[in-house]
Amino acid sequence: MLRLNVIDYIAQILVIIGAINWGLIGFANYDLISMLFGGASSLISRSLFALVGLAGLYVISFLFRQEGQEHHGRRHTAADLS
């Protein structure tokens, strides 16, 4: 199992927020982020959209991480367990 750090958790939360917002747009034509923060062109909304986009790109790195990387990229072998 991958060990996640604080940045990983923040990125996941931002991606989930973005996914929920896109789901609302797709199913109900309702943009929650824009509604909460004063429209799609407001600085806060645009900043949040940008952060969600960056978090999405960051989360792609999860696909390339190896499981078991717990000690600076060194994988445990059977010899380490004995």
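## Exposure and the model

Buried means under 20% relative accessible area, exposed means over 50%, and partly exposed lies in between. The model described here is predicted.

Tyr58 has a relative accessible area of 29%. Asn29 is at 70%, so Asn29 counts as exposed.

## Overall fold

The protein chain has 4 helices and 0 strands. Along the sequence the pattern reads α-α-α-α.

The chain holds 82 residues, and 16% of them are buried. Its accessible surface is about 6,400 Å². Carbon and sulfur atoms own 68% of that surface. Take the contacts in the chain with a separation of 6 or more: 50% of them join residues 24 or more positions apart.

## Nonpolar core

Which residues form the largest nonpolar core? It has 6 members: Ala11, Leu14, Ile33, Leu48, Val52 and Ala55. Helix 3 gives the largest share, 3 residues.

Val52 is one of the core residues. Set aside its neighbours within four places in sequence, and Val52 is in contact with Leu14 and Gly18. Of these two partners, Leu14 is also listed in the core.

## Aromatic pair

The chain has 1 aromatic pair. Its rings belong to Tyr58 and Phe62. Their centres are 6.1 Å apart. Their planes meet at 75°. Planes over 60 degrees apart count as edge-to-face, so this pair is edge-to-face.

## Loop residue Asn29

Where does Asn29 lie? Asn29 sits in the loop between helix 1 and helix 2 (32–37). Its phi is positive, about 50°, although Asn29 is not a glycine. Most residues other than glycine have a negative phi. Asn29 is also exposed, with a relative accessibility of 70%.

Note on methods. Residues are numbered from 1 along each chain as its sequence is written. This is a predicted model: local features need pLDDT of at least 70, side-chain atom pairs count only at pLDDT 80 or more; totals for chains, interfaces and linings use all residues. Side-chain values use heavy atoms; hydrogens and water are left out. A nonpolar core is a set of buried Ala, Val, Leu, Ile, Met, Phe, Trp, Tyr and Cys residues joined through side-chain atoms within 4.5 Å. Buried means under 20% relative accessible area, exposed over 50%, partly exposed in between (1.4 Å probe, protein chains only). Helices (H or I, at least four residues) and strands (E, at least two) are DSSP runs, numbered from the N terminus. Contact means heavy atoms within 4.5 Å. Rings of Phe, Tyr and Trp (its six-membered ring) pair if their centres lie within 6.5 Å; planes under 30 degrees apart count as stacked, over 60 as edge-to-face and the rest as tilted. Accessible areas come from the Shrake-Rupley method with a 1.4 Å probe; for residues, only the protein chains shown count as cover.
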